[in-house]
Amino acid sequence: MRSVRRLLREPLGVFGLALVLLVIFGAIFADLLTSWDPTRINPRDRFLGPSTDHLLGTDQLGRDLFARVLHGGRIALYVALVSTAISLAIGIVLGLIAGYGPRWLDNLLILLFDAMKSFPTVMLALALVTITGPSLTAVIVVVILVNVPGYARIVRTQTIAIKTSEFVTAAQSMGASTTRILRVHIMPNVIGPLVILASMDIPVVIAIEAGMSFLGLGVRPPTPSWGSILNDGFGQIRETPWIAIAGGLPIIITTLGFTFLGETLRDVFDPRLKGR
Amino acid sequence: MSGSPILSVRDVQVSFPVGGLTTRSAILGVAGVSFDVHRGETFALVGESGSGKTTLARAINGLQHVSDGSITFDGERIDVLGKSGMKQIRRRMSMMFQDPVGSLSPRMTVGDLVTEPFRIHGTEGRNLRDEANRLLTLVGLPADFASRYPHQLSGGQARRVGVARAIALNPSLIIADEPTAGLDVSVQGEVLNLLNELRERLGLAMVIITHNLHVVHHVADRMAVMYLGRFVETGETEAVFAAPRHPYTAALLSANPEPDPDRAHDRITLPAEVPSLLSRPLGCEFHTRCPWAQSICTTAQPPSGNVACHFPLEPGARPPSKKVPS
């Protein structure tokens, strides 16, 4: 509770929180905020500029951009949420195994993490999409492959630091099983910093989704995504700049919001800054 | 003491590998010790830091691999047991660790901490909340402490929580590693009285590891003095305190601060440092520091038995003056 109050005292944190809430609100209530269908093609209304009818204008197929942006937000948040949750789960399990398990397994997993980390994200995405074809699932898999090594490494380091502490030895002396020691005695002590890291990673996830969709590796048309809207406007950026703006602005707002929020959260929970 | 001992330790050795690939060797943290602990008895292990007390305790509890010798608990040999066999033993043998707060999981409440043994070994229809209340009352803590976290406890309170957890399953043996470490003197007294009281009420046997001689005198029936992983002297606490027979014991006891300032205080000063476990002295391992050492001590191992010394001391013996450094 005290942490929440400290968060609300930080102007940057409040600003970030407001931006994030705005995006979440828009995604949840997309159907109430606009009556336009984001996928309905209307050739007579192509390239209309922003007006009271079409708040952000229309694209080359006459689709309402405001509706597409709101629904694109759903995709972005869905990818961010699902892939972060799965990455955290896999990262925690692998990190605990690497940190607590035998040395050879630790070395093997570290090798695996380093190998995964050494792939440039775009190359990884291209390689995967070449095999599976572009899809939302491909985006999520790419994000998981990018995120897991980092999370697992943090959990591993924390586990190694904690596993020789007296309360773990005490649990062993009581006869606690390895799974119980990991789940009850170690995991609660490694999860805090990890969640903050994950919240700071969300802008990266959203950028990966937008980037892959921009390159045509992600969400398939006609499903709206901020990346594909940006791509739609990219060709005619001189004639009809509002399309590119409609795609780019929400990316900026969301990444900024999550970054501010994440950084403030990190400062608020960092014990070294307590009592400031 | 009658009947078979609850714990019987015979010639136990614990070795640790040291060195790299080319210079691999092993040091003996515990170099062959034997003792018995009977039901209802308190046995104290005394020695300075690095003498192998804690390693021995961890070996008895199965946290440390025993490289030689045997440990028998309640008639069953336990140093050869596997994980599941040892789990059954741990219902009846609990251990308390040095750091009162650090041995408690920081994210668990006191209520969860004291009932953790039940969760590990099966609750058998017990109401965990009632059990927590019962245990907290037993160690003299208010029941509403159950919702607190370890960082909200003082050292003495945390130690009481540790005691409550150790007695939760009604064990026959408690191994307490420095039960008074980090507590101020009045709280030390409370904790010791609590342990004594519980031992009488529950019929526990206890092994107490400490370097605090007042603690030994206060609670132990018998004691053993450790030096470089071996026992140099074992005996009834009263007898050892009244007339130490081994020079090291004598020096240790003479270094014990007395609260009475007027009392004569003849300290026996030991020259030199504790030898490294990597190069143990030949003969009697204490000869490098012993004021009474003779030539035989540098070559021949002292006799085994209650006093590992070629020339056990007479009561009140003082070191020969020529050997005492200025």
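This is a predicted model: local features need pLDDT of at least 70, side-chain atom pairs count only at pLDDT 80 or more; totals for chains, interfaces and linings use all residues.
**View 1**

View 2. Just after α6(B) comes Gly203(B), whose phi is positive, at about 65 degrees.

**View 3. The hairpin of strands β9 (residues 222-227) and β10 (residues 230-236) of chain B.** The two strands, β9(B) and β10(B), run antiparallel and are joined by six bridges. Within this pairing, Val225(B) of chain B stands opposite Glu233(B) in β10(B). Two residues lie between the strands of the hairpin, and Leu228(B) takes a positive phi there, near 50 degrees. Strand β10(B) is mostly covered, with six of its seven residues buried.

View 4. Is Ala308(B) buried or exposed? Ala308(B) has 23 other C-beta atoms within 10 Å, and because a residue counts as buried when 20 or more are found within that distance, Ala308(B) is buried. When its neighbours within four places in sequence are left aside, Ala308(B) is in contact with Arg230(B), Phe231(B), Val232(B), His246(B) and Pro302(B). Phe286(B) is 22 residues from Ala308(B) along the chain, and the C-alpha atoms of these two residues are separated by 9.8 Å.

**View 5. The two assigned domains of chain B.** The domain assignment divides chain B into domain 1 (7-227) and domain 2 (282-326). The centres of domain 1 of chain B and domain 2 of chain B, taken over C-alpha atoms, are separated by 33 Å.

**View 6. The contact between chain A and chain B.** Chain B contributes 19 residues to the contact, and chain A contributes 14 residues. On the side of chain B that touches chain A, the elements that give two or more residues are α2 (83-90), β6 (93-96) and α3 (110-121) of chain B. Of these, α3(B) gives the most, with four residues. By residue class, the side of chain B that touches chain A is made up of seven nonpolar, seven polar and five charged residues.

**View 7. Chain A, built from helices.** Chain A contains eleven helices and zero strands, so that its pattern along the sequence reads α-α-α-α-α-α-α-α-α-α-α. The C-alpha trace of chain A spans about 75 × 50 × 30 Å along its principal axes. Chain A has 276 residues, of which 44% count as buried. Among the contacts in chain A with a separation of 6 or more, 68% are accounted for by residues 24 or more positions apart.

Terms used
Residues are numbered from 1 along each chain as its sequence is written. Chains are lettered from A and ligands numbered from 1 in the order in which they are written. Two residues are in contact if their C-beta atoms, placed from the backbone, lie within 7 Å. Ala, Val, Leu, Ile, Met, Phe, Trp, Tyr, Cys and Pro count as nonpolar, Asp, Glu, Lys and Arg as charged, and the others, Gly among them, as polar. A residue is buried if 20 or more other C-beta atoms lie within 10 Å of its own, exposed if 12 or fewer, and partly exposed in between; C-beta atoms are placed from the backbone. Domain bounds come from an automatic or database domain assignment. Two strands pair if DSSP finds at least two bridges between them.
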